[in-house]
Amino acid sequence: MKPVVFAQAGNEVFAKSIATYLHADLGEVIFGRFPDGETYLRIQSDVKNKKTIIVCTLRQPDEKILPLYFLAKTLKSLGADSICLVAPYLAYMRQDKVFNPGEGVTSEYFASLVSDFADNLITVDPHLHRRHSLSEIYSIPCKVIHASPLISAYIKDHISNPVIIGPDAESVQWVSEIAKDANAAFIVLEKTRLGDKEVKITIPDIGKFRNHTPVIVDDIISTANTMIQTVKILKNKGMKPAVCFGIHAIFAGTAFEELKDSGAGEIITCNTISHISNKIDICELLAKSI
Ligand code: R5P
């Protein structure tokens, strides 16, 4: 029996692509709102005894989680054999400890919520900082896809004489891989976070890379301040405009425009979140893992 792929509203293009790669059926679901704002949904495909896949990227997760929960529960009530959640961007990974008294570890609470209605989870480069693996917080099987081979292939094909720049210590995990595959050198900078919207970046001596093209790679671009500060510091050191790679294009508010205005070169992201900067398609890689 063919699996059935459902798109949470806003994920139709991605879901269609996954269904094509998998030779799966595309599920039909109508989403709507009751007059009081509550979610309405109606599944119009036969899912009895079938494996189902829900595609839902989790930028702005608060407004997505309840419709997602209802979709999963409804699929199960119609006899679906299993539910695989494909969340190309996985939210709530950053509050992974109590930073101040009175806070909760929301990454754990979110993980237990998702583990309650999905049978397994597939995602792309989740923000694992103090956690080493999703299995530390998710109780369902999880698979993680890495965008780094696609990013290094893009760099090899399009950027001459690159030096890969990681903006902070955490970035060493993907920057080192990308640099190795792209046959390039890499440098990791030091970042101090001063607040949600403020970071301070310090840079080692990069004199020997002055004639290279700086290529900054980060997992998430949210306020873009990490990128902006890094772009500026490289510019002050006399380097060419930096090419900015982000895996997940969150771009909160006017972050994209601010990054463009900061003197950045090309801005390139993966399509884990749909955005004008998407140039790297991870659908095939992701589909292969399902
Ligand atoms: C942080 O630890 C991440 O790897 C990114 O550097 C961070 O999320 C970027 O955030 P922003 O764009 O708000 O500086």
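A polar contact is a pair of N or O atoms within 3.5 Å. Keep that cut-off in mind as you look at this structure, which is a predicted model. An oxygen atom of the ligand sits 2.9 Å from an N or O atom in the side chain of K191, so this pair falls within the 3.5 Å cut-off.

For E170, a polar side-chain atom is 2.9 Å from a ligand oxygen. For T226, the distance from an N or O atom of the side chain to an oxygen atom of the ligand is 2.5 Å.

Now look for an open sheet of 6 strands, paired in parallel and ordered 2-1-5-6-7-8. Strand 2 (25-26) and strand 8 (142-145) are at the edges with a single partner strand each, so one side of each has no neighbour in the sheet. Helix 1 (residues 12-22) packs on the sheet, where it touches strand 1 (4-7), strand 2 and strand 5 (51-55). The direction of helix 1 makes about 170 degrees with that of strand 1.

Further along, strand 6 (residues 82-87) pairs with strand 7 (residues 120-124) in the parallel sense, over 4 bridges. One spot to check is C84, whose bridge partner in strand 7 is N120.

## Two sides of helix 4

Which residues of helix 4 (residues 148-158) are buried? They are S148, I151, S152, Y154 and I155.

Note on methods: Residues are numbered from 1 along each chain as its sequence is written. This is a predicted model: local features need pLDDT of at least 70, side-chain atom pairs count only at pLDDT 80 or more; totals for chains, interfaces and linings use all residues. Side-chain values use heavy atoms; hydrogens and water are left out. Two strands pair if DSSP finds at least two bridges between them. Contact means heavy atoms within 4.5 Å. Axes are lines fitted to C-alpha atoms, for helices over the stretch in contact, and angles run from 0 to 180 degrees between N-to-C directions. Buried means under 20% relative accessible area, exposed over 50%, partly exposed in between (1.4 Å probe, protein chains only). A polar contact is a pair of N or O atoms within 3.5 Å; within protein, one must be able to donate a hydrogen and the other to accept it, and residues adjacent in sequence count only if both atoms are side-chain atoms.
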